[in-house]
Each structure stands twice: as structure tokens, then as C-alpha cells.
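Biologist: I am new to reading structures, and I would like to learn how to look at one feature at a time. Could we go through an example together?

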2 protein chains.
Amino acid sequence: MSTRPTSDALTQAQDQFVAVWGQMGSAWGISRTMAEVHALLYITGEPLCTDDIMERLEISRGNASMSLRALLEWGIVSRTHKRGDRKEYFQAEQHVWTLFRAIVRERIKREVDPLMASLYEIRDITQPHQRADARPSFAPPAAIADHNRRLDEMIDFFRTLETLSQGFVSPSGRGLEIAASVLSGSVTGPRAAEPARPGEGESL
Amino acid sequence: MSTRPTSDALTQAQDQFVAVWGQMGSAWGISRTMAEVHALLYITGEPLCTDDIMERLEISRGNASMSLRALLEWGIVSRTHKRGDRKEYFQAEQHVWTLFRAIVRERIKREVDPLMASLYEIRDITQPHQRADARPSFAPPAAIADHNRRLDEMIDFFRTLETLSQGFVSPSGRGLEIAASVLSGSVTGPRAAEPARPGEGESL
DNA sequence: CTATGTTTTCAGAAGAGATTGAAAGAAAAA
DNA sequence: TTTTTCTTTCAATCTCTTCTGAAAACATAG
């Protein structure tokens, strides 16, 4: 029927990869189509134009356009041109680790950073304007103290995570050693958060 | 109006934490309510029953029940009882790193493992039944060879990621050293996948 | 300038996922 | 046993996200 044989081994493998990658994407908060477009560009390895993508994935022009723009914003797909052709072509980052780094970097920027900001704001509600030198005159009530400890632990965790991620994100391998040392420091010993812990953590 | 003052600092901080955590959850493929229930249990730190949660989050009984069951399945919330009370109470894992490990472990199990299985299947389409001793008589066409290389790189990446994660997941700090060494081996040199090296998994 | 080819936008349609609420199920007390 | 209390289930409903398609915007050539 179609001009392109749809059942050769390569095409079949590509289609399956696209489906699987799309599935994965949607489990991680990325729209299925966007993940599929990326999968197609990655697995074919060659630059494709909007019409190629529309045809292959059977999606509308609008959808293709928006997905591509989003992928460009994530920095994991780039534009190219073919000479004598007015169309834009798109190709995906081919190094998996570079791809991974770009994704981690973006998600941190978009989700973790704002989260941190919110957490600091929340901390200010019960620990207002706490400067290092200014000791509070009265100890806070136990409920507040507990709350503060939990919140601080959470903040501490995300700070560590952010530091850690710099190991992945940095283009040189350098940051990795930092990350590794942070890991051994922080993960190994979940630390003195609980003095005499009643032992609820292990079995969970 | 209500018996509980809704505007004291602690309550306000808790509500805000719940909102922020719910937001974060939904960006990561977890239903907002489920994340909110978890947030509430984490930040209050004390066991709550279904009715407490329904009231505080203004959700239906069915929703509360389902969210709690899901959280139990994730292993980040546990059941408790109060003596003289027939109701079930729930409390959240209080160690942030333990919580993190549980989440990573579950997501790997639910998403990465099936993905890996699919990737292996896809590989079999273009590299069928490739046994170590049986060399193919003819080299595959370039398009297939390229495809295979890309797919192998992806598989290699997820294998590394899985190994890495064992460092986080293992309750002892031991696995961490492994993770760190994998990191320095694989991340630092992402390029090694291209040239002409047949054995793809040295340390794995 | 107009004509032609290409990309973006966005209101409405379609679809996916979350939530409710009432009924059924379970378990402990009487 | 029956009653009471609490928990789970699931079809119907609602909500939010994604997708479409046609129009508008843009760009290049002539």
C-alpha cells in the first residue's frame, strides 16, 4: 500500500522503540507525543522535517510543531537545514549521557529550584528571620520544633541532591568526584536527625 | 468557625508544604492527591486516620482510601493502631533518605525494569539470537549497524543507571562505593560508546 | 509588491486520568 | 447471631491535559 515498506525489521524496531520511549516519557511527566518525537529523532539518527514526523507518528501539524519546539527548549533536539530546501530539519542529541545531563539540568531548573524557594518560604513561617547571631529568647514549643526539624531535613536533602546533580550536569567529568564525595558523606549516614530512633525506618 | 484554628503558623506552614509537595508530585507522574496525603503525613509526623486526612485535605473517603493504599504499596507509609480505637492510623517514613531510596527502588522496579525488557526485545529484532561464539556470516547494512549501535548505547546507559541506583537503594552504605566508581567510569567518559569496541559492559 | 511554501498559534474537540459517593465488604463488639 | 464501625471498590462524573485543524503569521523567491 504505502510507498515505504512498513514491515521491514528496521522500521519495526524503530516503531517499537518509539512506543516504548513514549510510554516511559508519560510515566515521568513528559507528554507522550513529545517523547515519541524525540524517540523517533534519536533512533533514526538522521535529520527529519515536520512532515516526516507527522507522517511517521500520525500526528497533526500543530502537535508536531509544539512538540518540536518543546524539545528545542529542553536542549535535546537541534535545528538543521538542507541546502536548496526551505524546510527545517530536526535532529536529536546522539550521546545518551549528554541527553541525560540536559534532562537533569532542565528538571532541576524547572522543578527543584522553585521547590527549594517554596521550602525556604515555608521555613520562614515558623523560623522567621533567623539570623546566625540572634538567638531566640524562648525555645519554640515542641510541635513547632519538630516541624522545623522535618522541614530542615527536607531542605537539606534537596540541597544535597542539587549539589549531587552538578556532578552529572557538568560537562567535564570533574564535578563527578564532588558528587561521589557528597554521596559517601550524606547518603551513607542519613545522619543525626534522630538521636534515639525508635526503629521505624528499617522495615519500611 | 472550626474547632481547630486554621490560621496559626504551624497549620499554615503545613498546608503550604502539602500544596508544594502535591505540585511537585504531579510533575513527576504521581497523582497530586497521593502526594498531598504523603506530605501531610510527613509534615505532621504523627499517625493520622482516614477521617483526619479527608477533613484536612477535603477529599472523599474513596480517594483517601485509594491514595493511602497506593502509598502503602510504595512502602513509604505504614499502618499503626491506637489502643482502644478500631480505626487504622497511618504514618509516613520520617527519614528523608530512606524515603528517597524507597521511591527510587519502586520506580526502577515499575518503570526501568520493564523498559529494559522491551529494549532487549527490540534489540532481538535486528540482532536476533546473537550468541557470543556465533559470528554472523555477513556484516549488516550500515543503516542497521547504526541503529544497533544507538540501541546498544541506550541499553548500556540504563544498565549503568540501574547499577548506580543500587548505591542509593541499598540500605547499607556499601553499595555507594560501587555507585561512585561506576559514575567515574561511565559518566566521565561518555564517548567510549562510539569507536569500535565490541564489549559493552566492562564493570557491569 | 504578490505568490508560494513553511511554521506557529489557539479555540474547540477528544481523550486520559482523577474524584466522588454510595453500596458492598470486613472485622470487631455486643 | 446481629449490630456497629470502619474500609474498599467501582461506575458515573468531573477535571485537566493533549490533540487537531484551520487560520494567521512568517519567510523567501520572483
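Modeller: Let us begin with the polar contact, which is a pair of N or O atoms within 3.5 Å, where, inside protein, one atom must be able to donate a hydrogen and the other to accept it. Please keep in mind throughout that this is a predicted model. Here, the side chain of Thr126(A) makes such a contact with the side chain of Asn148(A), at 2.6 Å.

Biologist: Where does Thr126(A) sit, and is Thr126(A) buried or exposed?

Modeller: Thr126(A) belongs to helix H5 of chain A, and it counts as buried because its relative accessibility is 12%, while the limit for being buried is under 20%. Beyond its neighbours within four places in sequence, Thr126(A) touches residues of both chains, including Ile144(A) and His147(A) as well as Ala9(B), Leu10(B) and Ala13(B).

Biologist: How should I read a helix that has several buried residues?

Modeller: The general idea is that an α-helix has 3.6 residues a turn, so residues three or four places apart point the same way. In helix H3 of chain A, which covers residues 50–57, the buried residues are Thr50(A), Ile53(A), Met54(A) and Leu57(A). They lie on the same side of H3(A) because they cover an arc of only 100 degrees around the axis. Among the elements that cover these buried residues are helix H1, strand S1 and strand S3 of chain A. Just after H3(A), Glu58(A) takes a positive phi of about 55 degrees.

Biologist: And which residues have the most contacts inside the largest nonpolar core?

Modeller: In soluble globular proteins, nonpolar side chains tend to be buried together. In this model the largest nonpolar core has 89 residues, and Phe17(A) and Phe17(B) have the most contacts inside it. Helix H5 of chain A gives the most to this core, with 13 residues. Leaving aside its neighbours within four places in sequence, Phe17(B) is in contact with residues including Leu119(A), Ile122(A) and Tyr42(B).

Biologist: How many residues surround DNA strand D, and which atoms do they meet?

Modeller: There are 19 residues around DNA strand D, and Thr33(A), Ser60(A), Arg69(B), Arg86(B) and Glu88(B) are the closest. A phosphate oxygen of DNA strand D lies 2.8 Å from a backbone N or O atom of Ser60(A), whereas a side-chain N or O atom of Arg86(B) is 3.0 Å from a base oxygen of DNA strand D.

How values were computed:
Residues are numbered from 1 along each chain as its sequence is written. Chains are lettered from A and ligands numbered from 1 in the order in which they are written. This is a predicted model: local features need pLDDT of at least 70, side-chain atom pairs count only at pLDDT 80 or more; totals for chains, interfaces and linings use all residues. Side-chain values use heavy atoms; hydrogens and water are left out. A residue is near a molecule or strand if one of its heavy atoms lies within 4 Å of it. Buried means under 20% relative accessible area, exposed over 50%, partly exposed in between (1.4 Å probe, protein chains only). Helices (H or I, at least four residues) and strands (E, at least two) are DSSP runs, numbered from the N terminus. The arc is that of the directions from the helix axis to the C-beta atoms. Contact means heavy atoms within 4.5 Å. A nonpolar core is a set of buried Ala, Val, Leu, Ile, Met, Phe, Trp, Tyr and Cys residues joined through side-chain atoms within 4.5 Å.
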